[in-house]
Amino acid sequence: MGKLDGKVAAITGGTRSIGRGMAEAFLAEGAQVVVNGRSAEKGERCLAEMDAGDDAAFFAGDITKQETAEGLVDFAVEHYGQLDICCLNSGGVQLTAPVAQMTDEEWQLEMDWNLNSVFWGMRRALQHMIPRESGRILVTSSVEAKLGKAGIPGYTAAKHAVNGLVKSAAQEVGTLGITVNAILPGMTETDVVVETGPASAQAMGLDGYEELIDMFTKDSAIQRPNKVEEIAAVAVLLASDAARNITGTLFPVDGGTMPY
Amino acid sequence: MGQLDGRVACVTGGTRGIGRATAEAFLREGAQVVITGRSAEKGDQALEEMGGGDDVHFIGGDVTEREDCEAFVQGTVDRYGRIDILHANAGGAANPAAVAELTDEAMQETLEWNFWHTFWTMRAALGHMIPQQSGRILATSSLEGKLGKPGLANYVVAKHAINGLVKSAAAEVGTLGVTVNAVCPGGIETDSMTSAGPAAAESMGMTYEELKAMFAEGSAIKRLNEVEDVAEVLVLLASDAGAGITGSLISIDGGTSPY
């Protein structure tokens, strides 16, 4: 018996990295899962690798577009008949820069990717969940939602904003059987980080991948990156019936990095 | 297969309430568990109700005494050969009053009950966990570890102190396979709340029913939390999956705390 038997989950950006880890953990606990990503090819590969048959589906689309965020929710409802768990997980930066050099275009992209996509997906999911008086919204926030870091102002601002959205929404639907929580991971060694890390290290003038990892984990107590599985385990707990009374919580998985 | 197979845990204040629920959850996940409490009678009753056979053991003692706190940890090691998980859980508010009327004794007793007990058991447990390069320290803090409440300063101070202790210890042992975390539950109607709640309510200028209503009203879920809410989070933190979570003050309060 799984902790999520009979539940349907949708995950933005679920073909790789943290979202993929959540998808696999949810499947292992008995849920049906829709993952999303821009690339149909990566989507097909993800479904093949997860090997979950009819219990997993892919919804293609760019999450920085409103129609994708809303379309994912609608697709999950149409495909599996309902939506119980909505993981608003996708986020990142493209050509980010310090505030003084930030372009309007990059700023807008980072807001669309990290904040607006969460709002669009959450609003649509709540419209489905409120009449059913049941649901779980999980947002992948970040340590940058509580800390400032030089050089990534848009990401930092958007993640701070996402925490506020989570807390407000939690208050709105607290008596309706719906919880809204955020997970705040620290530096996480995902498949994407392993793949792109060496090139990033070179671009940043660092002495290799290890130095890159050290730079992003030196402020943690554990002095190592977090693992996808550690985040996925928290997602399973928050998505399960056992967490019905946990809402509005900003759940750290950061190896002791944030001050509060 | 349980998430805590082969682990040994010590839960202070484990005969009732949050500690009891946690002890039962740890047992269910395969751990061997020591529970502590002041009353041998309540201890025997808990053992009987839990039905864990040789996998659960009671040690009597008073958490406001350092020797007893150290004996809980040593007794766990003596009984089961090691200690992997410490849940410093006992606590409460002794004779709460507004700061202007708060006695030294009420402040001291509450600090010993909550903060000193957490420190004494934590220090003793780290003495075993650091050499074995693995362990989990879990503290029952509170919503009041993050918020002030009028008339409850001794409890608020003690729980804030626990949160500081947790964060410092986490930073010290972060690379040694030992994690240190606190859970911050909202209002839960445990036996402890039923017995101490009326005095706390009086100190806060309200009835016990009004106190419970106040906790519910301050939350998003508009109801109190339950001991099982806390136990499930503690299982996760105690498990292998919790290895990357440390120094965290996790709110289990139905959306009450502002951070």
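Analyst: In chain B, taking contacts between residues at least 6 apart in sequence, 71% join residues at least 24 apart, where two residues are in contact if their C-beta atoms, placed from the backbone, lie within 7 Å. Please keep in mind that this is a predicted model, in which local features need pLDDT of at least 70 and side-chain atom pairs count only at pLDDT 80 or more, while totals for chains, interfaces and linings use all residues. Residues are numbered from 1 along each chain as its sequence is written, and chains are lettered from A and ligands numbered from 1 in the order in which they are written.

User: And what is that share in chain A, for residues 24 or more positions apart?

Analyst: In chain A they account for 70% of the contacts with a separation of 6 or more.

User: What's the secondary structure of chain B?

Analyst: Chain B has 8 helices and 7 strands; helices (H or I, at least four residues) and strands (E, at least two) are DSSP runs, numbered from the N terminus. The radius of gyration of chain B is 17 Å, close to the 18 Å from the globule rule for 259 residues, so chain B is as compact as a globular protein of that length. That radius is taken over C-alpha atoms, and the rule is 2.2 Å times the number of residues to the power 0.38. The C-alpha trace of chain B spans about 50 × 40 × 35 Å along its principal axes.

User: Is strand β3 of chain B mostly covered or open?

Analyst: It is mostly covered, since 4 of the 5 residues of β3(B), residues 56–60, are buried. Strand β2(B), residues 32–37, runs parallel to β3(B) and is joined to it by 5 bridges, and strands count as paired if DSSP finds at least two bridges between them.

User: How does the chain cross from β2(B) to β3(B)?

Analyst: The chain passes through helix α2(B), residues 40–50, in a right-handed β-α-β crossover, meaning that, with the strands pointing away from the viewer, the path from the first strand over the helix to the second runs clockwise.

User: Switching topic, how many residues are in the contact between the chains?

Analyst: Chain B gives 28 residues and chain A gives 28 residues. On the chain B side, the elements giving two or more residues are α5 (153–173), α8 (227–238) and β7 (249–252), with the largest share, 5 residues, coming from α8(B).

User: Where is Leu83 of chain A, and why does it count as buried?

Analyst: Leu83(A) lies in the loop between α3 (66–80) and β4 (85–88) of chain A, and it counts as buried because it has 26 C-beta neighbours inside 10 Å.

User: Which residues does it contact, leaving aside neighbours within four places in sequence?

Analyst: Leu83(A) is then in contact with Val8(A), Ala10(A), Val73(A), Ala76(A), Val77(A), Ala125(A) and His128(A). As for Val33(A), which is 50 residues away along the chain, its C-alpha atom is separated from that of Leu83(A) by 9.6 Å.

Methods
Buried ≥ 20, exposed ≤ 12 C-beta atoms within 10 Å, placed from the backbone.
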